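Keep the sequence and the structure in view while reading.

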Amino acid sequence: MAEEVQGQTAEESDSSESSEATIAVHWREEGYYQPPPKFIGQANASDPAILGRFAEENFPECFKEYGDLLSWDHYWHTTLDTSEAPFWKWFVGGKLNASYNCVDRHLEKHKNKAALIWVPEPEDVPHVVITYQELYRRVNEFAAVLQAAGVKAGDRITLHMPMVPELPVTMLACARLGAIHSQVFGGFSGAACGHRIADSTSKILITMDSYYRSGVVQDHKVKADEAVEAARKEGTEVEKVLVWRRFPGQYSSETPMVEGRDFFVDELLADHLGAVVAPVSMPAEAPLFLMYTSGTTGRPKGCQHSTGGYLSYVAGTSKYYQDIHPDDTYWCMADIGWITGHSYIVYGPLALGTTSVIYEGTPNYPDAGRPWRIAERLGVNIFHTSPTAIRMLRKVGPDEPAKYDYHFKHMTTVGEPIEPEVWRWYYESVGKGEAVIVDTWWQTETGGFLGTGLPALDAMKPSSCGPMALGIYAEILDEDGQPLPKGSGKAGNICIRNPWPGVFETIWGQPDRFVSTYFAKYNQDPDSKDWHDWPYFAGDGAVQAADGYYRILGRVDDVINVAGHRLGTKELESSALGVPEVAEAAAVPVIDDVRGRAVEMYIALKPGYAANATEVEAKVKTAIETDIGKIARPKNIWIVPDMPKTRSGKIMRRVIAATSNFADVGDITTLANPEVVEQIRHQVQNAKHARGEVPRELTEAEEAEIKSFGSES
Ligand code: WTA
């Protein structure tokens with residue numbers, strides 16, 4: 001078992017100096033855990049010389065090491081082109097195909113090796129093994145279907161698929177043709193999918209009729225009809241809907257197929273059995289996919305990822321940080337509908353030729369032992385999940401892991417800050433004290449890991465993502481752009497000073513927003529072609545301890561991170577505002593012991609509407625489920641007499657957030673209506689007492705987050 005070394009003394013700081021972005025944080029420093037010698041002995045990165053290779057003086061050429069993990073049709077001539085800063089171009093002059101790199105090139109040595117192992121949710125059906133040879137066959141045949149449907153390089157194709165092997169097959173078939181896939185998380189509503197279809201002007205939607213979730217067959221095709229309708233309202237006409245069937249030959253949706261528009265994929269495939277489609281050689285900077293994420297405004301951002309830079313970065317980070325070797329059985333229990341699944345279920349592991357496990361259902365179906373039974377049965381030795389899943393499995397089945405005979409060498413946590421006691425359960429119980437843990441901090445925009453230790457070289461420290469990844473040079477800046485040095489105990493905005501191959505290329509159709517959201521804040525010279533002038537503003541608060549390790553505190557924009565999923569307050573609020581009775585809406589985060597954060601919605605009704613609370617609540621709930629999806633459903637909806645507002649009429653979200661979390665509301669004397677704060681507090685906190693929803697005492701970091709939440713608008 002790894003040895004726990006007692007950590008440093010608590011960091012002291014002076015809260016009187018804190019400004020809005022520079023929040024003073026003090027907490028107990030956690031002790032270190034050392035990686036086990038057995039892990040170090042086999043690790044891909046066990047020689048500290050690697051740190052020197054990626055030192056700043058070797059930038060950007062250091063990333064040749066990542067680029068060289070791929071097979072190129074033409075080698076690149078320029079590693080990093082900054083001529084259109086901050087629209088960085090990596091490996092310019094290079095040409096390659098992502099599908100070739102993830103499939104074809106492994107055939108020579110590994111064609112009979114499992115590429116994917118799919119575990120359906122019902123436990124009484126066997127898992128499905130798809131070898132590289134079989135994956136090759138399926139990707140080619142489906143690429144032939146797409147080609148026959150007129151798909152060509154550069155077309156956008158929207159996917160709205162569950163966790164089935166047909167999803168990576170579809171992604172890789174698009175990539176084979178150079179078409180840009182845009183997978184929308186299957187749990188999102190039809191309307192949310194429709195907005196993303198319209199934003200990317202996709203003419204083809206690929207979906208599945210149904211899938212299993214918590215023991216129930218969900219009708220998914222119904223969402224395709226809603227999506228097509230929503231896209232039409234925004235001026236995009238979907239020409240074809242390709243419907244995979246969960247059980248080929250048997251339609252398991254109540255929703256009728258639309259003649260001439262909807263096609264069953266298994267029927268189309270019948271005409272292309274054995275087809276071989278040559279992979280289209282794409283420029284390194286050609287877009288591989290779009291992945292939508294939420295931001296400060298209501299319009300989601302289609303993050304555009306490149307072929308060469310992205311694939312190199314996920315291959316390199318999978319090798320060194322996931323420590324993937326060809327013989328490992330790797331399971332990332334994320335959804336491919338999020339960036340984690342794209343990078344670390346599909347593209348990274350397959351580029352390295354390993355075996356990647358895909359699980360269809362919920363982790364605790366039919367009980368909290370399921371993940372450990374899967375691990376035991378398949379011999380999984382690398383496991384990857386989120387703090388929300390860990391919290392949930394710990395809550396419902398703390399003793400389950402010990403009942404199963406599996407052994408992880410490596411585990412990942414991703415997507416949210418993890419509390420030290422949750423980290424320790426992951427380490428002791430899930431990892432049985434044998435596995436290293438990497439806490440990986442990154443974002444949809446960044447393609448791959450930004451902050452994480454090298455598992456064999458860096459000691460672990462609970463709740464801290466560790467140092468930055470190879471070739472990533474970070475700094476924490478205050479509002480004025482002054483660096484906050486390590487050990488200062490002050491939190492500020494974490495920025496990455498340099499470009500890296502995995503960074504997104506732009507926001508689809510919104511290049512100005514790309515610059516203004518991520519680069520404008522600390523850029524002094526908009527005409528500069530020098531990367532040093534363009535720090536990447538990640539939108540997260542962070543603090544750097546004296547040992548150089550970073551601790552990520554959470555979003556500094558109007559985004560609520562629910563179970564590791566980013567929900568924009570504006571999207572939530574505009575959905576609520578669609579309900580006729582609603583005059584004003586404000587969404588705020590509440591600390592939740594399983595999901596990290598949950599959403600609470602405050603509603604003020606239009607004058608003249610009687611406050612039939614239950615009815616309005618139900619309407620708001622339905623509106624959010626319809627517009628966004630069930631994951632965004634608020635934990636509570638409070639119908640209040642008025643919103644706390646500034647004298648210029650802006651809603652003070654931080655006051656509302658403090659109320660929901662039983663935190664101090666701070667100075668409210670400057671409000672236009674300070675009396676309403678007490679009224680709301682009384683109403684909300686009494687109701688919470690009655691429901692047994694009083695939260696535990698907040699940590700200082702949580703309190704700081706809540707008190708600085710949200711813009712005023
Ligand atoms: C948060 C998920 C703390 C952060 C890969 C970031 C984290 C947002 C961590 C991105 C972590 C992600 N520790 N916070 N290890 N990883 N976050 O785009 O606020 O879904 O900005 O990408 O999640 O979420 P996204």
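In this predicted model, helix H7 is mostly covered, with 12 of its 12 residues buried. Buried here means under 20% relative accessible area. Among the buried residues of H7 are the charged residues Glu166 and Arg176, along with Leu167, Pro168, Val169 and Met171.

H7 runs over residues 166-177. From the first C-alpha to the last it reaches 17 Å, close to the 16 Å expected at 1.5 Å a residue. An α-helix has 3.6 residues a turn, so residues three or four places apart point the same way. After H7 comes Gly178, which has a positive phi, near 80 degrees.

The second topic is the ligand. It is surrounded by 18 residues, and Asp439, Thr444, Asp540, Arg555 and Arg566 are the closest. By type, the shell around the ligand holds 6 nonpolar, 7 polar and 5 charged residues. Helix H12 (339-351), strand E23 (436-440) and strand E28 (550-555) each supply at least two residues of this shell.

Which N or O atoms of Glu416, Thr444 and Arg555 lie at the distances given from the ligand? The table lists them.

| Residue | Part of the residue | Ligand atom | Distance |
|---|---|---|---|
| Glu416 | backbone N or O atom | nitrogen | 3.3 Å |
| Thr444 | side-chain N or O atom | oxygen | 2.5 Å |
| Arg555 | side-chain N or O atom | oxygen | 2.7 Å |

Taken alone, the ligand exposes 530 Å², and the protein buries 97% of that area.

Definitions and conventions. Residues numbered from 1 in each chain as written. Predicted model: local features only at pLDDT ≥ 70, side-chain atom pairs only at ≥ 80, totals over all residues. Heavy atoms only, no water. Helix = DSSP H or I, 4+ residues; strand = E, 2+ residues; numbered from the N terminus. Expected span 1.5 Å × (residues − 1). Buried < 20%, exposed > 50% of the residue type's maximum accessible area, 1.4 Å probe, protein only. Near = heavy atom within 4 Å. Polar contact = N/O pair within 3.5 Å; in protein donor to acceptor, adjacent residues only side chain to side chain. Areas by Shrake-Rupley, 256 points an atom, 1.4 Å probe, with all protein chains shown as cover.
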